[in-house]
Amino acid sequence: MTSPTPPDQPGAALPAPGKRIPPSAFLAKPSRRHRGLWALLGVIVFLAVWEAVPRLGLVRPVLLPPPSAIPQAFVAEVRSGQWTDAIVHSLVHYFWGLLIGSVTGIAAGVLTGMSRRLEDFTSWVVRLLRPIPGLAWVPFAIIWFGVTPTAATFIIVLGVFWINYFAALGAVQAVDRDLLELADAFGHRSTLAKLVKIVLPAASGAILAGLRTGLGQAWMSVVAAELFGVPGLGQRMMQASSLLATDIVIVYMATMALFYGLVDMGFVAVRDRLMRWKA
Amino acid sequence: MIEIRDLSLAFPNPASPDGRTVVLRDFNLSVAPGEFIAIVGASGVGKSTLLRVVAGLVPPNSGTVSHAQGGGPLTGRRPYGLVFQDARLLPWRTVRANVAFGLEGLGLSRAERRRRAEEALALVGLADKAGRWPHQLSGGQRQRVAIARALAVDPDLLMMDEPFGALDAITRQSLQDELLDLWRRTAKTILFVTHDIDEAVYLADRVILLAGSPATVRSEDHIATPRPRARDDSAARALVTRIRDRLSDLMDGGGI
């Protein structure tokens with residue numbers, strides 16, 4: 001943001017009383033560049049401090065490898081084929097966990113939001129199940145599915161499900177009653193017509209926000225779900241840490257950050273397209 | 001054309017001795033085709049509820065609303081068009097798609113819906129705004145879109161629930177004149193609810209005063225003054241004063 005020229009400044013064109021001076025494009029541009037520069041500077045300082053800490057001997061490099069050691073570790077990991085292997089496995093878990101968790105969560109949330117009776121019916125069951133973290137399901141996941149990709153996917157589904165369930169439930173319950181009356185007044189009286197023409201579009205913003213939260217939550221669950229031995233990036237991180245190969249651990253942390261960033265950017269682009277009607 | 005007979009409506013109310021509050025009692029009204037009827041009354045008297053009963057949104061406790069099809073068969077049409085106080089546009093639909101809202105489910109082709117929506121938009125002078133989003137319009141424009149949406153279904157009866165109540169005075173006056181113009185061109189029958197007596201007297205052929213609890217018809221005035229009417233017409237001013245006096249007498253006398 002540019003700050004407007006103080007009106008009392010000598011030589012400044014006097015604006016009409018009560019009117020803000022519109023920021024000119026000429027002034028706005030450097031400001032946006034400044035913001036970008038500050039963001040970049042933040043990253044540089046962060047990396048510099050990180051680099052300095054092990055190099056100055058404040059922490060042993062084996063406990064915290066400097067960032068300059070990471071590219072080399074990354075190349076070695078890719079060359080060995082382990083990186084691609086782990087990523088492909090994890091992406092498969094991520095994809096299915098996200099898909100199943102989101103679809104079932106949104107469907108359950110929308111249905112519950114549309115029916116008072118269903119909400120009452122499920123309220124205590126939801127209260128019982130919701131606080132149980134995904135990781136607490138690991139024993140059952142192993143008993144039911146073994147140490148398999150299905151077990152990992154199951155853990156991810158659970159985490160993603162609740163986020164989407166509550167987002168969709170809240171969104172549907174918050175739909176303006178007046179809009180439902182409008183649907184009645186113009187002949188759209190069936191539940192299905194109201195769902196399609198009013199409820200889903202009206203709730204779409206909050207549902208998409210839930211979906212986006214799920215994108216991040218699913219990555220967290222991927223690591224957790226693979227820690228118990230299902231092949232993937234979580235498992236590879238555990239192996240690396242037991243060998244004190246901390247640089248490899250960081251390679252995977254960075255990989256996750258990168259994938260999350262890409263997925264999130266793609267999601268935001270799609271969302272902005274869908275929500276272009278918003279003011 | 002529209003016959004409302006002995007209409008009564010009560011809402012459940014646990015606090016009252018008989019467990020309900022009667023909102024409306026023995027309401028009768030016959031509306032001739034092409035007539036412009038205004039229903040006035042204090043806020044909360046039940047005017048809006050009356051419209052909702054007539055539109056079939058709320059079932060009455062007793063009485064009937066019969067609807068002789070004056071405007072021809074109801075294919076590709078709806079019997080009623082409603083305009084609310086808030087424009088109530090769907091923000092995720094373009095202006096054109098908002099106007100086409102009531103046309104969906106009538107068995108019309110997409111092209112036909114589009115044509116009818118654009119016709120209705122042209123009627124309210126917003127043909128060039130068809131592709132806009134509602135948030136890009138002014139309050140007056142939004143309400144005109146709402147009127148276009150109601151007209152697009154080619155209703156026998158256009159019902160308006162304080163449609164200009166939320167607009168500023170200048171926009172309100174220009175929309176009143178636009179509505180009269182629309183009414184003249186489309187020959188629609190209009191049931192117009194307002195708490196603004198000036199507005200009712202300026203617009204309508206007949207002004208019905210609704211007052212009391214439960215609400216009943218307290219007076220009915222025919223206004224023969226041809227249009228265009230002057231806003232400062234002395235006969236109209238006198239009628240506004242009479243209706244206002246009646247309303248305050250009713251309030252003072254505990255009639256409300």
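What follows is a dialogue on reading some features of a predicted model.

Me: Where do I start with chain A, and how many helices and strands does it have?

Reply: Start with the list of elements. Chain A has 10 helices and 0 strands. Along the sequence, the pattern is α-α-α-α-α-α-α-α-α-α.

Me: What share of chain A counts as buried?

Reply: Of its 279 residues, 27% count as buried. Contacts can also be sorted by their separation in the sequence. Among contacts in chain A with a separation of 6 or more, 70% are between residues 24 or more positions apart.

Me: How do I read a pair of packed helices, and at what angle do helix 3 and helix 8 of chain A pack?

Reply: Look at the angle, the distance between the axes, the handedness and then the residues. Helix 3 of chain A (residues 82-114) packs against helix 8 of chain A at an angle of about 145°, and the axes are 8 Å apart. The crossing of these two helices is right-handed.

Me: Which residues make that contact?

Reply: From helix 3 of chain A they include S90(A), H93(A), Y94(A), G97(A) and L98(A). From helix 8 of chain A they include L195(A), V199(A), I207(A), L211(A) and W219(A). The contact of helix 3 with helix 8 of chain A divides into 13 nonpolar, 7 polar and 1 charged residues.

Me: How many residues of chain A are in contact with chain B?

Reply: The general idea is that the size of an interface is often given as the accessible area lost when the parts come together. Here the description is by residues in contact: 13 residues of chain A meet 13 residues of chain B. On the chain A side, helix 7 (177-185) and helix 8 (191-226) each supply at least two residues. Helix 7 of chain A gives the largest share of that side, 6 residues. By type, the chain A side that touches chain B has 8 nonpolar, 2 polar and 3 charged residues.

Me: Now chain B. Are helix 3 and helix 4 of chain B oblique or parallel to each other?

Reply: Use the angle again. Helix 3 (residues 110-123) and helix 4 (residues 139-152) of chain B pack at about 130°, with axes 8 Å apart. Helix 3 and helix 4 of chain B are therefore oblique to each other. Their crossing is right-handed.

Me: Which residues of helix 4 of chain B does helix 3 of chain B meet?

Reply: The residues A148(B), L151(B) and A152(B) of helix 4 meet R116(B), A117(B), A120(B), L121(B) and L123(B) of helix 3. This contact between helix 3 and helix 4 of chain B has 7 nonpolar residues, no polar ones and 1 charged.

Me: Is helix 4 of chain B mostly covered or mostly uncovered?

Reply: Count its buried residues. Helix 4 of chain B is mostly covered, with 11 of its 14 residues buried. Among them are R142(B), Q143(B), V145(B), I147(B) and A150(B). The elements that cover the buried residues include strand 5 (80-83), helix 2 (95-99), helix 3, strand 6 (157-161) and helix 5 (169-186) of chain B. Length can be checked as well: helix 4 of chain B reaches 20 Å from its first C-alpha to its last, close to the 20 Å expected at 1.5 Å a residue.

Me: What should I look for in the backbone?

Reply: Most residues other than glycine have a negative phi, and most peptide bonds are trans. Exceptions can then be listed. D154(B), which follows helix 4 of chain B, has a positive phi of about 50° although it is not a glycine. The residue D154(B) is in the loop between helix 4 and strand 6 of chain B. A187(B) has a positive phi near 55° and lies in the loop between helix 5 and strand 7 (189-194) of chain B.

Me: Where are cis peptide bonds found in chain B?

Reply: One joins S213(B) and P214(B), with omega about 0°. P214(B) lies in the loop between strand 8 (206-211) and strand 9 (216-222) of chain B. Another joins R227(B) and P228(B), with omega about 5°. P228(B) is in the loop between strand 9 and helix 7 (234-252) of chain B.

Note on methods: Residues numbered from 1 in each chain as written. Chains lettered and ligands numbered in written order. Predicted model: local features only at pLDDT ≥ 70, side-chain atom pairs only at ≥ 80, totals over all residues. Axes fitted to C-alpha atoms, helices over the stretch in contact; angles between N-to-C directions. Helix = DSSP H or I, 4+ residues; strand = E, 2+ residues; numbered from the N terminus. Parallel < 35°, antiparallel > 145°, perpendicular 65-115°, else oblique. Left-handed = near helix turned anticlockwise from the far one by under 90°. Contact = placed C-beta atoms within 7 Å. Nonpolar A, V, L, I, M, F, W, Y, C, P; charged D, E, K, R; others polar. Buried ≥ 20, exposed ≤ 12 C-beta atoms within 10 Å, placed from the backbone. Expected span 1.5 Å × (residues − 1).
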